[in-house]
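Biologist: Could you walk me through this model, one topic at a time? I would like to see how each answer is reached.

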Amino acid sequence: GMRRIQVRVTGMTCSACTASVEGAISTLPGVARASVSLLQNKAHVVFDPGLVKDEDIRDAIEDAGFEAEVLP
Ligand code: 9UX
């Protein structure tokens, strides 16, 4: 089945930041849905855990230039 996680994203200051984080996550294989809240500093991601891992999502956000921590 699908897995859903929330990720704390630090360093976003404008809506273009949130768009680039959403874009970075969305291009990963197996991601069905990615939405990022600027006000909550949080990303919600729904994905197939057979195709992509929590760590891959975290790394994609960090490669886009933001700090990321998968929330428990
Ligand atoms: Mo504009 Mo958001 O440079 O970093 S994309 S503030």
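Modeller: Of the 72 residues of the protein, 25% count as buried, where buried means 20 or more other C-beta atoms within 10 Å of a residue's own, exposed means 12 or fewer, and partly exposed lies in between, with C-beta atoms placed from the backbone. This is a predicted model, in which local features need pLDDT of at least 70 and side-chain atom pairs count only at pLDDT 80 or more, while totals for chains, interfaces and linings use all residues. Residues are numbered from 1 along each chain as its sequence is written.

Biologist: Which pattern does the protein follow along the sequence?

Modeller: Helices (H or I, at least four residues) and strands (E, at least two) are DSSP runs, numbered from the N terminus. The protein has two helices and four strands. Read along the sequence, they give β-α-β-β-α-β.

Biologist: How many residues are in the largest nonpolar core?

Modeller: A nonpolar core is a set of buried Ala, Val, Leu, Ile, Met, Phe, Trp, Tyr and Cys residues joined through C-beta atoms within 7 Å. Among those with the most contacts inside the largest one are Val 7, Ile 25 and Val 45. At least two residues each come from β1, α1, β2, β3 and α2.

Biologist: In β3, which residue is the bridge partner of Arg 33?

Modeller: Two strands pair if DSSP finds at least two bridges between them. β2 and β3 run antiparallel and are joined by six bridges. They form a hairpin with four residues between them, and Asn 41 in the turn has a positive phi of about 50 degrees. The β3 partner of Arg 33 is Val 46.

Biologist: Is Asp 63 buried or exposed?

Modeller: Asp 63 sits in helix α2. Its C-alpha atom is separated by 17 Å from that of Thr 13, 50 residues apart along the chain. Because Asp 63 has 10 C-beta neighbours inside 10 Å, it counts as exposed.
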